[in-house]
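Dear colleague,

Please find below the structure that I am handing over to you.

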Amino acid sequence: QVQVVESGGGSVQAGGTLRLSCAASRYAFSNYCLGWFRQAPGKEREAVATTFTGGHTSYYADSVKDRFTISQDNAKNTLYLQMNSLKPEDTAMYYCAADPDVPHCTTGYLAAPSLWHYWGQGTQVTVSS
């Protein structure tokens with residue numbers, strides 16, 4: 001079982017930046033899917049960005065392309081989400097997730113959250129206008 005723990009959320013003004021971190025089990029950084037998801041109040045959970053740790057293939061939701069960057073540090077067993085030019089609509093609880101099913105992060109689309117196996121508790125991001 002993969003353990004994932006998020007950190008780095010907070011409150012920022014529009015246009016600001018935040019970097020989220022996800023500490024995960026070591027073997028999740030070898031041929032695994034890791035991803036960031038978010039859920040705003042009253043909305044369904046959605047995929048933000050995913051990556052395949054065995055090949056650094058990454059995909060992003062259209063709403064965050066060119067603003068958010070997913071990256072990994074294998075030496076630290078940590079996944080990151082760098083968020084720039086934040087907007088009020090980015091306000092949500094952000095979750096890190098892991099999944100062993102490689103097609104969930106390598107076939108060119110963002111797999112639905114229901115397909116992912118392992119989840120963290122989330123970290124809140126609030127962007128004020």
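The notes below go from the whole protein to single residues.

This is a predicted model, in which local features need pLDDT of at least 70 and side-chain atom pairs count only at pLDDT 80 or more, while totals for chains, interfaces and linings use all residues. Residues are numbered from 1 along each chain as its sequence is written, and side-chain values use heavy atoms, with hydrogens and water left out.

The protein has zero helices and eleven strands; helices (H or I, at least four residues) and strands (E, at least two) are DSSP runs, numbered from the N terminus. The radius of gyration, taken over C-alpha atoms, is 13 Å, close to the 14 Å from the globule rule for 129 residues, so the protein is as compact as a globular protein of that length. That rule is 2.2 Å times the number of residues to the power 0.38. The C-alpha trace spans about 40 × 25 × 25 Å along its principal axes.

Of the 129 residues, 45% count as buried (buried means under 20% relative accessible area, exposed over 50%, and partly exposed in between, with a 1.4 Å probe and protein chains only). Among contacts (heavy atoms within 4.5 Å) with a separation of 6 or more, 61% join residues 24 or more positions apart. The protein exposes about 6300 Å², of which carbon and sulfur atoms supply 46%; these areas come from the Shrake-Rupley method with a 1.4 Å probe.

Thr78 lies in strand S8, residues 78-83, and is buried, with a relative accessible area of 10%. A polar atom of its side chain lies 2.8 Å from the backbone oxygen of Lys76. Leaving aside residues up to four places away in sequence, Thr78 touches Ser21, Cys22, Ala23, Phe29, Ser71, Gln72 and Asp73.

With kind regards

Conventions
A polar contact is a pair of N or O atoms within 3.5 Å; within protein, one must be able to donate a hydrogen and the other to accept it, and residues adjacent in sequence count only if both atoms are side-chain atoms.
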